[in-house]
Amino acid sequence: MGGSQSREGLELSDSDTEEENVEEEEEEKQPSRSPADRSRSKTLTPTPTSLDAIDEKLQSLNLKYSKPSFLSSQNPNNPNTAAKLYLHIGGSSPTARWIISEKLTSFSFARSSDNSDDDATGPWFLIVGSKSRALVGPEMQLKPFPDQRRVDFVADGVWALKFFTPDGYRKFHHEYQNCLFENSYGLEATEENRVKVFGKDFLGWARPVEADDSVWEGAEESFEKSSRSASRTPSRTNQDLLEEFEEAASEGEIQSLALGALENSFLVSNSGIQVVKNFSHGIHGKGVSVRFSGNGNRGGFSTPKKALLMRAETNMLLMSPSNGERPHSTGVHQLDIETGKVVTQWKFEKDGTDITMRDITNDSKGSQLDQSESTFLGLNDNRLCRWDMRDRRGMVQHLANSMESPVLHWTQGHQFSRGTNFQCFAATGDGSIVVGSLDGKIRLYSKNSMRMAKTAFPGLGSPITHVDVTFDGKWILGTTDMYLVLICTIFRDKDGKEKTGFSGRMGNRIAAPRLLKLTPLDSHLAGTNNKFHGGQFSWVTENGKQERHLVAAVGKFSIIWNFQQVKNSNHECYQNQEGLKSCYCYKIVPKDESIVDSRFMHDNFAVSDSPEAPLVVATPMKVSSFSISSRR
């Protein structure tokens with residue numbers, strides 16, 4: 001199973017041939033129509049004047065039926081709300097196509113379906129004729145085509161709305177953006193409220209046309225320079241995905257991947273850990289496994305939701321939720337990979353009080369390769385800290401035979417006031433930390449301080465569920481349910497020196513982010529669980545090396561973006577776009593099941609005829625490896 005390009009969907013056509021074909025299908029269901037009637041039906045769309053006449057005639061009949069209140073504001077007579085509605089059928093099959101659902105319809109934005117009062121409260125909905133109704137939000141995956149006066153969106157199917165006039169398109173886009181802002185932030189879409197949400201330094205996020213795009217252009221130049229100087233083959237624009245290995249999991253359903261940069265990687269399942277061998281063309285099973293029940297002196301434990309390699313990948317920390325409803329854990333199990341036994345269970349404790357952690361990660365991008373590593377980072381809703389497995393005197397604790405669980409030493413960190421709602425975090429190559437929050441904010445902390453963020457990027461209306469950062473700290477990738485957000489942290493201080501937002505306050509010359517999205521059709525085809533998760537850069541741990549790709553899983557798809565292409569300001573995706581620039585150019589790796597995890601192997605496993613290390617894709621019952629190679 002290989003990779004496929006993104007599917008944009010077929011172009012809409014307003015040709016006479018298309019109109020006749022659709023009408024002929026309708027006429028087969030209406031054989032009683034006379035040739036004269038059929039001829040009249042093939043005339044152009046009625047003018048507003050003729051529509052007025054029809055409307056007057058219908059009103060004179062005084063028909064006894066009630067119109068739904070949410071349709072009361074629609075008026076197909078108005079050229080600025082009139083449009084043609086298409087429905088996509090056939091999915092990804094060869095016979096897929098757009099069909100006309102309504103030749104003449106209109107749109108409106110309403111608070112709810114049962115209250116048309118001006119004082120109505122609640123979220124905004126988009127109403128299109130009698131066929132489509134959708135909550136205004138990222139879930140619509142709305143994609144505009146300004147040059148075609150068209151928008152595509154998802155609402156129990158994939159729809160396209162094509163406007164008859166440029167003013168109609170502009171009216172729709174303006175009202176949609178206002179409703180989206182209000183639904184996202186609970187504030188009316190005024191200039192004052194935009195400043196309140198984004199702050200004066202980030203107004204480029206609210207008005208991207210005014211943002212400083214120079215850092216993106218500079219990033220493109222630096223990427224090309226690093227590619228030329230790198231020992232590996234430079235990134236190629238024409239690339240294919242070639243599947244190398246696929247095998248079934250031997251220890252129950254896979255829950256997560258723990259990829260190693262050295263000899264082995266690990267599949268963490270609900271009953272144990274399967275050890276696999278790393279190759280330049282992917283991973284392959286070794287036939288070795290570690291079962292959770294009966295290991296070590298601590299007995300069994302529940303399925304880990306996080307596996308963290310440490311100490312030159314000879315040890316692994318396993319963190320399991322303390323109950324099924326929350327991801328928080330009261331401690332971690334330490335697994336000695338060489339013996340296959342859990343040597344101890346560590347407790348999270350501060351000032352004599354048991355606490356919980358939501359997530360753990362290594363001190364830095366490459367610290368799992370450090371044989372002497374004894375510390376790791378911890379995150380809770382309102383805590384950011386560093387834990388140490390040594391006692392306060394700096395001695396390594398030998399506690400395998402202890403009757404009580406040893407306590408991790410809180411060496412650095414901060415307990416924040418309520419409201420930070422931290423969700424996820426990651427570390428750079430030098431140990432700086434990026435944290436994503438429930439409110440969509442992304443905060444940057446230097447390696448020396450966890451008390452106050454150097455930079456805090458505002459949210460775009462959706463919670464950050466996963467975050468990653470490049471080795472050099474210049475780029476951040478935040479994952480939300482419906483899109484990925486790519487942020488550049490580079491700025492120049494008052495002396496003209498280049499810095500990142502981890503080391504200083506960025507001021508008001510902050511570039512607008514770029515969004516990585518699926519087309520509405522691909523979002524619909526990804527399956528019922530079509531939420532993004534686990535967005536990550538490819539994996540390097542060496543200064544001067546540049547990550548080449550980004551990958552995330554959504555439903556049954558693994559989605560891959562070319563990092564260089566995303567950063568290119570002249571990329572075709574960005575032409576004629578309004579608002580934040582969104583990239584829809586990607587490769588798809590489809591699977592038969594929902595994808596658990598999708599990650600690139602370490603750059604150590606890139607070979608001379610490939611610009612990237614292999615991609616590993618895990619579903620609950622199988623794991624596959626793919627190599628990226630140039631087209632021949």
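Two strands are counted as paired where DSSP finds at least two bridges between them. In this predicted model, such pairing joins strand E2 (residues 82–89) to strand E3 (residues 97–110) through seven bridges, and Leu87 stands opposite Ile99 in E3. The protein has an average pLDDT of 81, and 77% of its residues score at least 70.

**Confidence in the model**

- Residues 1–6 keep a pLDDT under 50, and the model gives them 25 contacts beyond four places in sequence.
- A further stretch, residues 226–237, has a pLDDT below 50, with 26 contacts in the model beyond near neighbours in sequence.
- Where pLDDT is low, predicted coordinates should not be read in detail.

- Seven strands form an open sheet in the order E5-E4-E3-E2-E8-E7-E6, and their pairing is antiparallel.
- Strand E5 (132–135) and strand E6 (143–145) stand at the edges with a single partner strand each, so one side of each has no neighbour in the sheet.
- From one strand to the next, the twist of this sheet averages 30°.
- Helix H4 (residues 166–185) packs on the sheet, and its direction makes about 60° with that of E3.
- The strands touched by H4 are E3, strand E4 (125–128), E5, E6, strand E7 (150–154) and strand E8 (158–163).

**The four-stranded sheet**

- A second open sheet has four strands in the order E24-E25-E26-E27, again with antiparallel pairing.
- Its edge strands are E24 and strand E27 (455–457), each of which pairs on one side only.
- The twist in this sheet averages 20° from one strand to the next.
- Five bridges connect E24 with strand E25 (residues 433–437), and the two run antiparallel.
- Within this pair, Ala426 stands opposite Val434 in E25.

**The largest pocket**

- The volume of the largest pocket is about 1600 Å³.
- Its lining comprises 44 residues, with Lys305, Lys306, Asp359, His466 and Gln536 nearest the centre.
- By class, the lining consists of 20 nonpolar, 14 polar and 10 charged residues.
- At least two lining residues come from each of strand E10 (254–258), strand E14 (306–310), strand E20 (359–361), strand E24 (422–427), strand E28 (466–469), strand E34 (532–537) and strand E39 (597–600).

- Helix H4 gives the largest share of the lining, nine residues.
- The lining divides into 21 nonpolar, 16 polar and 10 charged residues.

**Cavities**

- Four cavities of 30 Å³ or more are found in a search of the whole structure.
- The second largest cavity contains about 70 Å³ of space.
- Thirteen residues line this cavity, and Gly440, Pro458, Leu460, Ile464 and Val485 lie nearest its centre.
- Nine of the lining residues are nonpolar and four are polar, while none is charged.

How values were computed: Residues numbered from 1 in each chain as written. Predicted model: local features only at pLDDT ≥ 70, side-chain atom pairs only at ≥ 80, totals over all residues. Heavy atoms only, no water. 1 Å grid on protein atoms, 1.4 Å probe; cavity = no way out; pocket = protein on both sides within 12 Å on 5 of 7 lines; lining within 4 Å. Points joined across faces, edges and corners; volume = space filled by probe spheres on them. Nonpolar A, V, L, I, M, F, W, Y, C, P; charged D, E, K, R; others polar. pLDDT = per-residue confidence, 0-100. Contact = heavy atoms within 4.5 Å. Axes fitted to C-alpha atoms, helices over the stretch in contact; angles between N-to-C directions.
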